[in-house]
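Below is a colleague's note for someone meeting this structure for the first time. Please read the numbered points with the model open beside them.

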Amino acid sequence: MERKRFYITTAIDYVNQKPHLGTAYEKIGADCMARYKRLSGFDVHFLMGNDEHSTNVEREARSRGLDPLEYCRTMSGEFQGAWKALDISYDDFIHTTEERHVLAVRTLFERIHTNGYIYKGKYEGLYCESCEEFIVEKDLADGLCPKHKLPPKQISEENYFFALSRFQQPLLEFFEKNPEFVRPQIRFNEVINVIKGGLEDVSISRFGKAWGIPLPIDETHVIYVWFDALTNYISALGFGGADAKRFDRWWPADVHVIGKDITRFHCIIWPAMLMAGGVAPPRSVFAHGFISLAGEKMSKTRGNIIDPLRMVEAFGSDALRYLLLREVPFDRDGDVTAEVFLNRYNADLANDIGNLFSRTVTMISKYLGGTVEPKPLGAGHELYAELVRSLEAYRGHMDRMEFSRALGAYWSVIQRANRFIEEKRPWDLAKDPAKRGELEEMFRELLAVLRASGVVLTPFMPRKMAEMLGPLGAEKLTMNDLPEKAAGASALAQPVPLFPRIKVDSADLLKG
Ligand SMILES: [Zn+2]
């Protein structure tokens, strides 16, 4: 039987600025989900990429005296270098200047056109060049784009339009049939209210631009950057190309992971585009929240854009991944401070899990010669019973991409395990040969928790958990083996220190 498949994507990034902590947060969350699904036996395809056909990208390239394509290649190196440093395990990375993408965009456009949903009309209105979006009067703040604080341009030009208004009813029906299409619920409600409020046709071309994909039906226009960008989710699968099997294998996507500021494009325009082209819409969209730093929004003007690589230097990539996903719930906004990060690092990683690992393995070596014979554990074993409960809660949250809650729920068994050692006092049990059975039993339970924890935390901390699972003889354990196969192990190796104390001045962390 073919394994269950899971196709997950992130937003593709504009390359006119380097990746920052906010961008990294999205990729880390998506990566955590991709790894969780792989460990749960799914065949996973994880797509990321760069959005290169943007006027801002072209402008940035020209200002550096570079050809846009050359500039995009350099930036692709920057982005992929950062993602490698954070252990982001994407299977494919798409650039919107690639041949396969251009082909797919033109194919989708042609299909929508053939089906009668594209027409030529006159666009008159306002346009924010930084957003690369048309903007209406009522959305302006004191006459300026609320996002960029810049005056929009008055534009009047012949454009091609996509008949979005004709998809109001089909979208409402689709949303009704798919109550989990947009998560979290608050975003679902926002989007459905926008649809109910009425949809207007959208301009999908720009006249007289060189940097972009020419319309198949009129080469004097290029395809509007949003129409172009959204198509990456199918172009990477070879849509419109020779290998239809690959596309059929992975589409529709199980989840598009995006920031909450671009839900209108992903939850309204994108499914409508696909419906218009006779392609199935994605299964779901997850809109994550934003990170603020010590109460301040990250922004270029505030000068507090954090380079994730600086934080990798301070904490290591694993700890950074853990801290971000633990401190900022994926479905809402969250604030990060250096103190909170340091405290969390010391409490959860150095103390709770790091300590549990090193002292358990050391004691098994000292008291039991490094081996605990595998034997089934059950409801009568209190620590193991707690593990069963924690695992169930963890899985429920992970399936919903509630990473912070998954960690919070699971942590109760790690803390319980540390108290268990204090209560059982193995150093006393070890003095009495008659208590040998009890001693073995307690370490069997502790090992089960440790080995299970290594698997459970791998999506968050892939490197460190590999370092932990190795000495525990559990490298091959998967999510589906838990908890039964976590009990017992032979010939444990010496532990390595997993999370050394951080010796860094908190004032130096999180600086722009
Ligand atoms: Zn703007």
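1. Strand β5 (residues 118-128) is joined to strand β7 (residues 153-162) by ten bridges, and the two run antiparallel. Helices (H or I, at least four residues) and strands (E, at least two) are DSSP runs numbered from the N terminus, and two strands pair if DSSP finds at least two bridges between them. Within this pairing, Ile118 lies opposite Phe162 of β7.

2. On the basis of the note: this is a predicted model, in which local features need pLDDT of at least 70 and side-chain atom pairs count only at pLDDT 80 or more, while totals for chains, interfaces and linings use all residues. Residues are numbered from 1 along each chain as its sequence is written, and side-chain values use heavy atoms, with hydrogens and water left out.

3. β7 also pairs with strand β9 (residues 202-203), again in the antiparallel sense, over two bridges, and here Phe161 stands opposite Ser203 of β9.

4. Leaving aside neighbours within four places in sequence, the residues in contact with Asn159 include Tyr119, Tyr123, Phe134, Phe207 and His221, contact meaning heavy atoms within 4.5 Å.

5. Phe207 and His221 turn up again as bridge partners, His221 being in β12. Three bridges join β10 to β12 (residues 218-223), and these strands run antiparallel. The open sheet that they belong to has three strands in the order β10-β12-β11, with antiparallel pairing. Because β10 (205-207) and β11 (214-215) stand at the edges with a single partner strand each, one side of each is left without a neighbour in the sheet.

6. The zinc ion is coordinated by Cys128 (SG), Cys131 (SG), Cys145 (SG) and His148 (ND1) at 2.0 to 2.3 Å; donors are N, O and S atoms within 2.8 Å of the metal (3.2 Å for Na, K and Ca), and water is not among the atoms, so sites may look incomplete. Angles of 98 to 121° among the four donor atoms make the site tetrahedral, a label that requires all angles of four donors to lie between 85 and 135 degrees. Along the chain the donors follow the spacing C-x2-C-x13-C-x2-H.

7. How many disulfides does the structure hold? The count is zero, a disulfide being a pair of cysteine sulfur atoms within 2.5 Å. For Cys72, the closest cysteine sulfur is in Cys131, 20 Å away, which is too far for a bond. Cys72 is also buried, at 0% relative accessibility.

8. In helix α2 (residues 55-63), Asn56, Val57, Glu58 and Ala61 are buried, and the buried residues of α2 pack against β3 (43-51) and α3 (68-85). At the start of α2, a side-chain oxygen of Ser54 comes to within 3.0 Å of the backbone nitrogen of Asn56, while just after α2, Gly65 takes a positive phi of about 70°.

How values were computed. Buried < 20%, exposed > 50% of the residue type's maximum accessible area, 1.4 Å probe, protein only. Tetrahedral: all angles 85-135°; square planar, octahedral: opposite > 155°, others 65-115°. Polar contact = N/O pair within 3.5 Å; in protein donor to acceptor, adjacent residues only side chain to side chain.
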